[in-house]
Amino acid sequence: MDAEILAWFTRQGGTYDAERFGLSQFPGQGRGAIALTDIPEDHTLFSIPRDLTLSLRTSSLPASFGLGAWKSGGLSTGWAGLMLCMMWEESKSSESKWSVYFQSMPSTFSTPMFWNEQEIEELEGTAVVDKIGRQDAEKDYHERVLPALQSRPDLFPPHLLDVHFTLERYHMMGSRILSRSFTVENWDSADDDEEEEEFNEMDVDSSPSRGQQDQNAQREAKDGEEKFHDEVAEEDEDEEDPSDVAMVPMADILNARYGSENAKLFYEKHTLRMVSTKPISAGEQIWNTYGDPPNSDLLRRYGHVDQVPLPQGDVGNPADIVEIRADLVVSTANSQADQERIDWWLEEGGDDTFILDNDFDLPETMISLIKLVQLPSADWEKAKQKGKPPKPKVDAGVLAVIVDVLNKRLAQYGTSVQEDTELLSTRTDLTDNHKNAVVVRLGEKRILSIVLEQQQQQLQAMQSHVTDVKRKRGAESSTCSTHTAKKGKR
Ligand SMILES: C[S@@+](CC[C@H](N)C(=O)[O-])C[C@H]1O[C@@H](n2cnc3c(N)ncnc32)[C@H](O)[C@@H]1O
């Protein structure tokens with residue numbers, strides 16, 4: 001397949017440095033890219049014509065379907081439209097210019113979307129469980145895709161429906177987008193003077209940066225076709241423009257690992273260019289970046305986890321995080337917390353989830369919320385009037401709540417740190433899915449345990465300081481009363 005995909009890529013106008021850039025299989029990672037000889041920094045590995053990317057802008061389906069019907073059928077928001085385009089392009093076999101590309105892509109995935117119930121139970125307590133999104137995808141398929149398929153037998157011949165347009169294939173396309181797509185914005189004519197612009201990493205799941213959003217807002221359609229596609233995707237500046245989500249052949253062959261990036265995609269007016277960002281030695285893997293997400297996100301989107309040496313010893317993903325829901329914090333801080341304060345907190349833009357990461361610092365907003373739900377009524381009225389939540393000042397009372405929250409959060413996992421560490425070191429028979437689930441939950445629990453230990457120590461120090469002060473005061477007052485007594489005696 002490697003030779004076929006490279007030959008197809010060249011036929012379609014792509015170019016690559018055949019002397020230096022090659023494809024290879026990497027154990028546990030599938031296909032990837034390899035340096036055939038030493039590659040200097042800033043060297044172009046390959047170039048992809050923009051029209052070889054596959055998106056709502058380049059597939060002819062939206063135009064054939066008609067703008068009005070595309071929009072009224074709900075295909076202009078989210079990924080449903082692109083997933084339908086991909087199923088349609090693949091159904092056209094060799095009539096689609098991407099047919100060889102489709103053949104080269106995986107059709108099975110190790111993401112939790114395809115795990116059985118027992119496997120998903122292994123993820124209990126992690127940030128993955130609530131984000132798998134299978135039900136939402138199936139709702140989209142039934143409400144948006146099926147009606148479209150049924151409305152246009154000329155585009156979707158009935159005898160092909162059970163082959164290329166099934167729910168199963170819809171999930172497959174969704175997983176291909178999740179693990180392989182890039183955000184490819186239209187070329188802005190204002191950028192014409194610039195030689196090149198760095199292209200954001202492969203990461204369609206996160207919102208575009210503020211700068212990108214501003215660019216989107218300023219962007220004007222340049223010709224009729226682009227205008228059509230800009231209209232096809234419903235404009236909402238806060239949301240990713242579905243027309244920007246693109247499959248990028250060749251660029252999506254690069255694997256990624258935390259902190260290993262040595263190549264990056266740059267975009268230009270007519271092409272996207274993969275360029276080395278460091279010297280790469282012959283035989284080394286050529287790595288892109290997926291934005292160094294935590295293992296929970298890596299597993300959910302890409303189906304693998306990163307394990308590199310951690311500063312505190314052992315291996316794991318330095319980008320791991322733990323999510324703590326605000327409702328756990330509120331119920332721990334004050335089980336009688338009044339709803340008005342919580343509504344106010346959320347209306348003022350307060351977080352509904354707090355994040356702990358490998359800095360092990362407590363989020364100040366979490367401290368502020370604890371104080372808010374414990375404020376005496378008069379102070380709450382003042383805070384409301386000022387429109388300011390309480391200052392995130394830690395005292396022994398707050399620390400005791402935090403310790404309680406962390407203990408409760410740890411108890412949400414089905415296993416302990418010790419049990420997971422033992423599982424990974426002693427059980428050689430774990431399936432890949434089971435092992436990945438253990439790595440994700442262990443990474444989260446390690447952060448929680450470290451933060452818990454730090455907070456417990458701080459609480460103890462504060463409590464013993466208070467005891468010391470009290471003892472000192474007690475000693476002083478007893479000296480004082482002896483003195484007084486003595487005085488009185490006189
Ligand atoms: C963009 S594709 C890269 C090409 C892919 N390896 C292939 O065979 O087509 C992303 C997928 O590659 C695999 N992958 C990438 N980096 C990996 C890594 N560090 N460890 C394990 N698998 C990895 C995962 O399956 C991921 O979903």
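**Briefing on the predicted model**

Val-398 is located in helix 17, which spans residues 396-411; helices (H or I, at least four residues) and strands (E, at least two) are DSSP runs numbered from the N terminus. The model is predicted, so local features need pLDDT of at least 70 and side-chain atom pairs count only at pLDDT 80 or more, whereas totals for chains, interfaces and linings use all residues. Residues are numbered from 1 along each chain as its sequence is written.

**Surroundings of Val-398**

- Val-398 counts as buried because 23 other C-beta atoms lie within 10 Å; the class requires 20 or more such atoms within 10 Å of the residue's own, with exposed meaning 12 or fewer, partly exposed in between, and C-beta atoms placed from the backbone.
- Apart from its neighbours within four places in sequence, Val-398 is in contact with Ile-367, Ile-370 and Lys-371, where contact means C-beta atoms, placed from the backbone, within 7 Å.
- From Val-398 to Asp-292 the C-alpha to C-alpha distance is 33 Å, and the two are 106 residues apart in sequence.

**Chain as a whole**

- The chain contains 19 helices and 15 strands.
- Of its 490 residues, 36% are buried.
- Among contacts with a separation of 6 or more, 77% involve residues 24 or more positions apart.

- An open sheet of mixed pairing is formed by four strands in the order 2-3-11-8; two strands pair if DSSP finds at least two bridges between them.
- Its edge strands, each pairing on one side only, are strand 2 (21-26) and strand 8 (255-256).
- Six bridges link strand 2 and strand 3 in the antiparallel sense, and Gly-22 stands opposite Ile-34 of strand 3.
- The hairpin of strand 2 and strand 3 has three residues between the strands, and Gly-28 there takes a positive phi near 80 degrees.
- Strand 3 also pairs with strand 11 in the antiparallel sense, over two bridges; Ala-33 has Ile-286 in strand 11 as its bridge partner.
- Strand 8 and strand 11 (residues 285-288) run parallel and are joined by two bridges, with Ala-256 opposite Asn-288 in strand 11.

**Shell around the ligand**

- The ligand has 16 residues around it, of which Gly-30, Arg-31, Asn-255, Tyr-302 and His-304 come nearest; a residue is near a molecule if its C-beta atom, placed from the backbone, lies within 6 Å of it.
- Two or more residues of the shell come from each of strand 3 (30-35), helix 9 (167-180) and strand 8.
- Strand 3 contributes the most, with three residues.
- By class, the shell holds four nonpolar, eight polar and four charged residues; Ala, Val, Leu, Ile, Met, Phe, Trp, Tyr, Cys and Pro count as nonpolar, Asp, Glu, Lys and Arg as charged, and the others, Gly among them, as polar.

**Nonpolar cores**

- The largest nonpolar core has 74 residues, and Met-83, Leu-84 and Ala-251 have the most contacts inside it; such a core is a set of buried Ala, Val, Leu, Ile, Met, Phe, Trp, Tyr and Cys residues joined through C-beta atoms within 7 Å.
- Helix 4 (residues 80-91) supplies the largest share of this core, eight residues.
- At least three residues of this core come from each of domain 1 (2-298) and domain 2 (307-471), the bounds being taken from an automatic or database domain assignment.
- Leaving aside its neighbours within four places in sequence, Ala-251 is in contact with Ile-48, Phe-182, Leu-265, Leu-272 and Met-274.
- A second, separate core of 25 residues includes Leu-356, Met-366, Leu-448 and Val-451.

Definitions and conventions:
Two residues are in contact if their C-beta atoms, placed from the backbone, lie within 7 Å.
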